[in-house]
Structure formats: structure tokens, C-alpha cells
Amino acid sequence: MANLPIVQFEDKILDTVEKHPVVVIIGQTGSGKSTQLSQMLHRKGYSKSGIIAVTQPRRVAAVSVSRRVAQEMDVPLGEEVGYAIRFEDRTSEKTTIKYLTDGVLLRESLSNPELNQYSVIILDEAHERSLNTDILMGLMKRLIKLRSSNLKVLITSATLDGEKVSRFFSNCPVLNVPGKLFPVNILYTPEKPLSYLESALETAMAIHVKEAKGDVLIFMTGQDDIEKLVKKLEERVQSLEEGSCMDAIILPLHGSLPPQMQVRVFNPPPENCRRFIVATNIAETSLTVDGVVFVIDSGYVKQRQYNPSSGMYSLDIVQISKVQADQRAGRAGRTGPGKCHRLYPSRYYNEEFIDATIPEIQRSSLAGTVLYLKSLDLPDIDILKFDFLDPPSSDSLEDALKQLYLIDAIEDDGTITSIGRTMAELPLEPSLSRTLLEANNYGCLSQALSVAAMLSAETSLFPGKSKKRKDRDQDHDHHDPVLPNGSGFGDHIQLLQIYDLWDEHDFDVKWCKDNNLQVRGMLFVKDVRKQLSQIMQKMERKERRGRKERDFDLYTKLRKALCVGYANQLAERMIRHNGYKTMGFKSQLVQVHPSSVLEADEEGMFPNYVVYHELIATTRPFLRNVCAVEMEWVRPILSKLEKVDVKKLSGGSHQPAAEEAKESLLPGKDEAIIIAKPAAADDDPQSRIQAAKDRFLARKGKK
Ligand code: CDP
Ligand code: MG
């Protein structure tokens, strides 16, 4: 370990931390930030007065880094060194170094706003700019004032603009840890290839045949293209004449791999063998694989993007940023001089790539975040004024407010309701937590828990289901299992039926295999359901499990509960198109995703109304996971839509002056414009922008 760059700066780092409450540490990927800082602070004795927390935006990183640290300290994982990710806590009384996802730390702060159990909080991988880390930065800024004497905050990053973060934290010190990076020769393709997958394949084979030893790291966009490339590479490597070149191992690396598969990349390769690691952007900065000499960069990344005006998520394959391209190239120069093959011409890098990736907060649905901020109950919290490193658009904040109002989490004046408070305690998105609460009233909590758990699976439960039905039918050797079909009500009911059936088979793993369900995913669901049920237990009515003949009633109750949770996610069938039109604030023409079990009746008609779990644009907009509902259940919800007034929701104009001192939970009218793009600027847009900017600067100046 001693040769990791960061360890050589141990004294300097400890000294700076001793003197300052917040320190920013910038060091190249692989310099030892994630694995060494916590151990240094532990050696220095910081763990005597509390736990040392290290946040990670990615679950995989929390698990793998804590495993590594436990190994280095020669302790069993889960004792002195542990990790906590959503639905999985591997810590104990003994834990002094705790790796946790940023989301878990946010949740902990709900029950313990001062986070008193921690003596040090390290916000690691801050350059990833995950939504949760961004919010944590805002919270740390407050917390530091409250606990200045006994809390240390470290912000670490591989690429982050240290100055900007330092300004955010009242000019805290920034330590740059110089890492040694060998020169990397960057090679571009003359043109953009027609298929980056094919191009990656050819480049990888050329390296394998021609180049001296050294592992190859290939950046793809997601599980799908990783699996394809791994398969093709395997075929090609096998077709090589025996003895013509060294052996090869091909390893996938992405977030939904089982843990034992993920750690394989950290095992040293056998002698005279080249490793090909086919990875997502996870290998850019959060996981460092040693031994890489060659990098192949597709130039793309898969990114989730939320559009607040349509309420639609899109999962797009987009061009990476310059920062990402540089990070990828840097992976080749850790152990010696390396080569990076960029599968795009240099003019793309220079002219088309944006400088840095857009922070997640500016491309996410913020309903969960706004609810969280409201439930913190900080006396002076004002959502639009919340101190973000980069503020989200007011469109997305308004979208979040409307959704929260519709599902009864906030009052029409913007204050949080008791329902909202309970919702915030559940580790689920607002729509699902609202459904659980409603289901509890209707006496179908048990069923709703199963559905919520099934929808929370981190991996795909039905490996075959993502295929179009037609393709599945053509798949001859794949015997289609007979799974329940949702009784005509759609995917939520199907998920429930599958879970119940598994329960009837005593949660037999073989049953899952026989039915082509992903075993690990299903076991995870079972565990999630148990945890959710424990949280809900206080409220759960004692009821007998629904017997067979009551199923239909239960489905009805459950569908009613779903209507309430998904109040903002209703769609009405269009007679002409037999497609749907989403209702509420945003009107979209959409189709039910082909993977859905919702079937048209004999006349080819779908149900008149559905609620949906997700509206996502792939090749076109689709409703993912839909459930048939009745108009009479929908009507009262729709009437709420008519009444909603976002201005009031945002608490501005009608706030009595006397309340000002208390600081409203929501911004005034003026503030709403500040962050907004001036959509309503019908007179002179330019002067409005200027006016908004001025107000913004004036307000900043006042702080
Ligand atoms: O966080 P940063 O990128 O600065 O580096 P790190 O994750 O602390 O990694 C430091 C070293 O530990 C690298 O050489 C990694 O390859 C190694 N490491 C490992 O072998 N296994 C892990 N699970 C994590 C890190
Ligand atoms: Mg790291």
C-alpha cells in the first residue's frame, strides 16, 4: 500500500484535516483516496470519537472498496470495516470504518439530523456529481456549523473543480495529490465507425495479436453491449490458432453483476495471459483495475435523463464528456506507458464533446429529493433557495412539487403532510411509498409490499422479458415458462402473482430457475420485502393472508391503492390509436411497452385507463409496468389536478408577511423565476433574464 501516491502525503493530509473542518482532496483515480484515507484517519485516532463514514455514489463501489479495506486491515468484512447500501447493511457494533452509498447517508440523517455517530464524513467520488452527493454537500455545509468541534468533512474527487467546491465551503483548503501517470499514446479513428461494437471487437483483436503483454480495458455503454462484445470476443479468441498468441480471459464489469463476478477483476491474472475487461463507465473512476495497458474507448455512455415537461425518462446512449474521455485514457497509464484507442475522430473530441458531464441533479426527477428536503424540518430550509453546488431547473422542482401535492405528501400551501413524513421514511420512490400507505388503509399491504419489492429489484428478474414478444416466440430452444399473466390487469398484478406463487413453492430456488426468473434478483426481492415490511409493521393491520377466493378483491384494492400512489402517472386510452395519452400536466401519446403482460381483449382493445410505473423513451415513448384501473377511482384524483396552483404550491404570493421570519418552506414568486428559464417572457426576454440574474446576484451577495 505504501507506494500508493496518497500514502506519501499522509502527514500533510492529517495535518490539514486537523486544522480545518472541511478539506477537498483531489487525486487521480487509483491514487488511493477511497481505500487509504479512511485508514489514515483511523490510525490517527479519529475513529475513537465516532465512526468514519465514506460515501460512494455506486453500490458496487461501496461493497468492493470496503471488502478491500477489510482485507488490508486483516479483519472480517462487517466487523471493524463494513458497508451499508440500500436494503443491505453489513456493519456491526464494532464497525469503525463504514462505506455507504450517499443515499443511505441521506436516509440516516432523517432520523439523526446531526449524524452524531460519525466523527468523519468523507464524500468520495464527488466528481461523479450524483444527485445524492450534491445534496449531501449542501447538508454538510450546514452540519459543519452545528458540529464544528467534532466533525471533519472530506470531499474527494478525481477531476472535480476544486476551486468551485472550495468556494462553496467558505474557501476550505484543497489538497492536490500528484499521482504518477505514465504517458498514454492516444489514437483516433479517421471516421466514426458504423458500429462501435464491431470496431471495439476489431481493435481488441488487433491488440491481442500484435501487442506485447498488458490488459485491455474496453468501455462500452451497458450490460447489453457488454454481453454481446464478451461473447464475440470469446468466439474470436477461440478461433485463433493454438499457440499463435498468449491466452486470454474476457471479463465483464458492470453494476448488475453478482458480487463474486465483480471481484474477479481484482484477482491477478494467470501467467502469460491477457485480460480483456469489458466495462461500463464504472471503471472510469470508481473501480480501478490494475494491469491495464490498453484502453478502447467507444466514446459513449448510457445516461438517464428526465424531462420535467413531459414527465418522461429517457435512457440515451450519449457522447461522453472530455473529462470522461480523459479519465478513460488515463486508465492505460497507471503501471507504465499505455495506449488509448478512441473509436472516434479527434475532431469529435475537440468540437463535439462537452467539457464535463451534466450533474445528475440537473437531469433527474426530483420528487424524492424535494420530499426529503421538506422532511428534514430545518427551520430555514427553502427548496428553491437550498444551497446547491449547481441548482436544478425550476421546471424540475415544480414538477416535483406538483407530484408531491397530487400524492398528498404536501399541502396546497407547500407544507409537508403527515403522510409525506411517513413516506420519506420509506426507502422507496414517492409513488411506491404512497401506494404502500394507501394499501395499508385498504387492508392489502401485504400485496403492495410484494409489488413494491418486485419493482425495487436492482436487476432484471425476467432475463427474457425485455425481448419483444415476437422475438421470444422465435426463440425455439428457449422453453417459455408458464408464469401468471396478471389476470388481465397488467404488470403489477403479475408481479404480485409471481411472488405469491414463489411463496407457495416455499421460496424454492429451483422453482425460479424452472421459470426462468433470475434467482439472485428474486432472493433480493424477498429480502427487500422483509425489510419494507419491518418498516411498515407499526402500521400494518393484522390480517390473514388473502386466500384464493379473495384474490380478485385484493387485486381491486391493490389497483385502487396504486391509483393513489401513481396519481401523477395516469394514462387514458385513445379510441383511435389504441395507444394511450398520459393525463395530468403533461400530455403525451404513448404505447404500452411490448414486454408488458397487459393484453388487448378480443376486440383488440386495451383497458380505458392505466397507471404506469415509468414513462421511458427508448426508440419511442413507452409506458413501462402498467396496471389497469377504473375511471371512478381516477375521477377524484383528476379533480385534484384541476385545483392545483403551482404558485400557491410554491408558497409564494399568498404567504402572509408575518410568516416571513419563519421562512417559508417554499420560495416566493421572485425566486421561482431566478432559476427558471424565462418561459413566460412574452415581452422582452433579454431584459427579463437580466433582471432575474440581477436578483440572483443580489441575493447571493446578501448571504
Ligand atoms: O479511490 P482511488 O481511485 O484514488 O483509489 P483506490 O480505489 O483507493 O485504489 C487504490 C488501489 O487499490 C488501486 O491500485 C486499486 O487497484 C486497488 N484496489 C483493489 O485492488 N481492490 C479494490 N476493491 C479496490 C482498490
Ligand atoms: Mg475512489
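**Group meeting: helix packing and cores in a predicted model**

I start with two helices: the axes of α2, residues 33-43, and α3, residues 59-73, come within 9 Å of each other and cross at roughly 50 degrees. Axes here are lines fitted to C-alpha atoms, for helices over the stretch in contact, and angles run from 0 to 180 degrees between N-to-C directions. Helices (H or I, at least four residues) and strands (E, at least two) are DSSP runs, numbered from the N terminus.

This is a predicted model, where local features need pLDDT of at least 70, side-chain atom pairs count only at pLDDT 80 or more, and totals for chains, interfaces and linings use all residues. Residues are numbered from 1 along each chain as its sequence is written, chains are lettered from A and ligands numbered from 1 in the order in which they are written, and side-chain values use heavy atoms, with hydrogens and water left out.

Back to the pair. α2 and α3 are therefore oblique to each other; angles under 35 degrees count as roughly parallel, over 145 as roughly antiparallel, 65 to 115 as roughly perpendicular, and the rest as oblique. On the α2 side, the contact (heavy atoms within 4.5 Å) uses Ser34, Thr35, Gln36, Gln39 and His42, and on the α3 side Val65, Arg68, Val69, Glu72 and Met73. Three of these residues are nonpolar, five polar and two charged. Ala, Val, Leu, Ile, Met, Phe, Trp, Tyr, Cys and Pro count as nonpolar, Asp, Glu, Lys and Arg as charged, and the others, Gly among them, as polar.

Next, α1, residues 10-19. The axes of α1 and α2 come within 11 Å and cross at roughly 70 degrees, so α1 is roughly perpendicular to α2. This crossing is also right-handed. From α1, Glu10, Ile13, Leu14 and Val17 take part, and from α2, Leu37, Met40, Leu41 and Arg43. That contact has six nonpolar residues, no polar ones and two charged.

Now the whole chain. It has 26 helices and 21 strands. Of its 703 residues, 54% are buried, where buried means under 20% relative accessible area, exposed over 50% and partly exposed in between, with a 1.4 Å probe and protein chains only.

Which residues touch the most other members of the largest nonpolar core? In this core of 109 residues, they are Ile121, Met137, Met140, Ile155, Phe169 and Leu436. A nonpolar core is a set of buried Ala, Val, Leu, Ile, Met, Phe, Trp, Tyr and Cys residues joined through side-chain atoms within 4.5 Å. Another core lies apart from it, with 31 residues, including Leu4, Ala70, Val75 and Ile97.

Helix α13, residues 367-375, is largely enclosed by the rest of the structure, because eight of its nine residues are buried. Those buried residues pack against α4, α5, α14, α15 and α16. Just after α13, Asp377 has a positive phi of about 60 degrees.

Last, a loop residue. Ala567 sits between α22 and β17. Is Ala567 buried or exposed? Its relative accessibility is 4%, so Ala567 counts as buried. Leaving aside neighbours within four places in sequence, Ala567 contacts Leu406, Ile407 and Ile637.

Terms used. Left-handed = near helix turned anticlockwise from the far one by under 90°.
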